[in-house]
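Please walk through this protein with its sequence and structure side by side. The paragraphs below start with a loop and move on to the sheet, the helices and the core.

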Amino acid sequence: MDTQSSPMLRQSAASAGPPRFHLLAKPSGSTCNIDCKYCFFLSKEALYPNEKHRMSDATLEAYIGQLLESHRTPEVTIAWQGGEPTLMGLDFFRKAVEIAQRHRRPDQKIQHTFQTNGIALDDEWCAFLKSNDFLVGLSVDGPSDIHDTNRVTRGGRGTFDLVMKGWQHLRKHGVEFNILCTVNAANQARGRRVYRFFRDELGATWIQFIPIVERATPETIHIANLGWSERPKEKRLLYTQTGSLVTERSVSGAQYGQFLVDVFEEWVRHDVGNVYVQLFDVTLEAYFGSYKLCIHAPTCGNGPALEYNGDLYACDHFVEPRYKLGNIHKVHMLELVGSADQRKFGQDKRNALTRQCQQCEVRPLCNGGCPKDRFVDSRDGEPGHNYLCEGLYRFFTHSRPAMQHMGQLYSNGQAPAGIMQWLASEDVRRGPYAPCPCGSGRKFRFCHGATSSDD
């Protein structure tokens with residue numbers, strides 16, 4: 001399949017497709033150099049058994065050429081993910097940069113992004129990333145005792161020290177980086193500690209929190225709880241978005257909400273304008289009717305995922321046979337992204353909301369969350385409600401007064417960071433021994449009013 005040329009873009013498809021979209025390319029498929037217990041994407045190897053999961057030159061050329069041709073906006077992101085993309089080696093990405101320069105239109109500005117566990121990063125890698133202005137996403141779950149709970153080698157050893165060596169190389173070369181942190185059973189009760197570690201120890205100024213919700217059925221829950229690695233003499237389980245049970249590693253709805261509140265109460269007092277937490281930023285934007293993150297936008301469908309062989313799927317969370325759109329060696333990428341099936345996939349996010357969700361006071365902020373998490377019954381017994389609803393509702397209602405205050409500051413031509421001065425006066429007025437606003441039950445002085453990061 002990789003020997004086929006890239007198909008021509010039909011004019012009718014060009015006009016019907018979206019002007020921009022954010023595609024995640026997986027050049028090494030699901031292959032990784034570590035064995036995170038919650039990484040269900042390891043199981044996607046079952047989609048392509050007995051194949052070497054490496055993107056060929058032909059697919060690389062077709063991917064970048066079609067991506068740049070498809071965009072009718074001046075800024076284009078070329079995003080690499082995995083698996084672990086560093087397994088492709090530096091020469092692959094040197095070639096990718098050269099292809100992008102060759103295909104880009106004069107008016108196009110390219111942003112290269114790269115999500116990695118950081119273990120393979122060294123001076124040579126980081127010099128390349130810096131010289132080509134790559135934005136690197138580094139996967140870290142918190143301090144070592146938390147991180148090493150789930151992010152382990154194939155031998156079961158923690159990877160924290162290896163990741164920190166990669167982080168040191170990023171800092172040494174001045175590579176722009178952000179932190180991607182999963183929220184799971186190991187860190188769900190330690191939001192403030194995790195956040196302070198990223199801010200104070202790693203110097204992170206942009207942080208993304210991703211809830212771990214691993215679905216399973218009564219038939220698969222046992223093996224799912226063991227993890228997604230390949231096991232001798234066992235058929236590999238392909239993870240799909242089915243089942244109403246969750247693994248022991250999954251965050252609960254209530255704890256996800258408390259985690260976000262814990263982080264928010266620290267951030268809103270000290271770091272507005274200096275540290276950017278993705279969910280907080282998009283929540284403030286939602287008060288102005290702007291939605292840049294698919295999870296909480298009314299509809300989705302502009303975030304497809306590309307496998308190493310050119311197969312394109314509706315979404316990174318739905319890399320499974322029923323959501324395969326086609327292959328870019330046979331049909332142009334923009335035609336697939338603009339197809340009726342993909343439009344329906346995106347519109348179903350809005351059209352399939354439960355009645356509870358439709359009537360919820362925070363629906364304009366939440367919009368039902370990600371469809372992958374809609375597998376429980378609503379209060380009325382209606383199926384298809386979000387598993388994380390309790391936590392999302394907690395966060396959006398808890399943060400509302402501060403968000404509205406920041407929104408008012410912005411509307412008045414002032415920086416939202418002014419919220420910190422207002423909160424400081426409120427904290428003085430309330431006193432150090434009043435209950436902490438986070439709802440922990442502890443006094444403010446010993447919770448979010450404390451300078452120590454101990455939990």
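The model is a predicted one. By that numbering, Asp-133 falls in the loop between α4 and β4. Its phi is positive, about 55°, although Asp-133 is not a glycine. Most residues other than glycine have a negative phi, and most peptide bonds are trans. Is Asp-133 buried or exposed? Asp-133 counts as exposed because its relative accessibility is 58%, and exposed means over 50%.

A second residue with this backbone feature is Asn-367, which also is not a glycine and has a positive phi of about 55°. Asn-367 sits in the loop between α14 and β13 (374-376). With a relative accessible area of 3%, Asn-367 is buried. The peptide bond from Gly-82 to Gly-83 is cis, with omega near 10°. Gly-83 belongs to the loop between β2 (75-80) and α3 (90-103).

Now to the sheet. What is the order of the strands in the open sheet of 10 strands? The order is β9-β6-β5-β4-β3-β2-β1-β10-β11-β12, and the pairing is mixed. At the edges are β9 (276-277) and β12 (324-327), each of which pairs on one side only. Strand β12 pairs with β11 (residues 311-313) in the antiparallel sense, over three bridges. Leu-312 has Gly-326 of β12 as its bridge partner.

Strands β3 and β4 pair in the parallel sense over four bridges. Here Thr-116 has Leu-138 in β4 as its bridge partner. Four of the five residues of β4 are buried, so β4 is largely enclosed by the rest of the structure. Strand β3 (residues 109-116) contains His-112. The relative accessible area of His-112 is 6%, which makes this residue buried. Leaving out residues up to four places away in sequence, His-112 touches Ile-78, Val-97, Ala-100, Asn-132, Asp-133, Phe-134 and Leu-135.

Helix α7 (residues 191-201) lies across β5, β6 and β9, and runs at about 150° to β6.

Each of these helices also packs against another helix. Two packed helices are described by the angle between their axes and the distance between the axes. For helix α4 (residues 123-131) and α6, the angle is about 45° and the axes are 9 Å apart. The two helices are therefore oblique to each other, and the crossing of α4 and α6 is right-handed. On the α4 side are Asp-123, Cys-126, Ala-127, Leu-129 and Lys-130, which meet His-169, Leu-170, Lys-172 and His-173 in α6.

Helix α7 packs with α9 (residues 253-270) at an angle of about 45°, with axes 7 Å apart. That makes α7 oblique to α9, and the crossing is right-handed. Residues of α7 in this contact include Val-194 and Tyr-195, while those of α9 include Phe-259, Val-263 and Trp-267.

What lies in the core? In soluble globular proteins, nonpolar side chains tend to be buried together. The largest nonpolar core has 100 residues, and those with the most contacts inside it are Tyr-63, Ile-64, Trp-80, Ile-179, Phe-198, Phe-209 and Trp-267. A second, separate core has 12 residues, including Cys-32, Tyr-38, Leu-42 and Ile-221.

Phe-209 lies in strand β6 (residues 206-211). Phe-209 is buried, with a relative accessible area of 9%. Apart from neighbours within four places in sequence, Phe-209 is in contact with Cys-181, Val-183, Val-194, Phe-198, Tyr-256, Phe-259, Val-263 and Val-277. Among these contacts, Val-194, Phe-259 and Val-263 also take part in the packing of α7 on α9.

Finally, helix α15 (residues 389-398) has Gly-391, Leu-392, Phe-395, Phe-396 and Thr-397 buried. Their cover includes α9, α10 (278-286), α14 (363-366), β14 (385-386) and α16 (400-411).

Definitions and conventions
Residues are numbered from 1 along each chain as its sequence is written. This is a predicted model: local features need pLDDT of at least 70, side-chain atom pairs count only at pLDDT 80 or more; totals for chains, interfaces and linings use all residues. Side-chain values use heavy atoms; hydrogens and water are left out. Buried means under 20% relative accessible area, exposed over 50%, partly exposed in between (1.4 Å probe, protein chains only). Contact means heavy atoms within 4.5 Å. Two strands pair if DSSP finds at least two bridges between them. Axes are lines fitted to C-alpha atoms, for helices over the stretch in contact, and angles run from 0 to 180 degrees between N-to-C directions. A nonpolar core is a set of buried Ala, Val, Leu, Ile, Met, Phe, Trp, Tyr and Cys residues joined through side-chain atoms within 4.5 Å. Angles under 35 degrees count as roughly parallel, over 145 as roughly antiparallel, 65 to 115 as roughly perpendicular and the rest as oblique. A crossing is left-handed if the near helix is turned anticlockwise from the far one by less than a right angle, and right-handed if clockwise.
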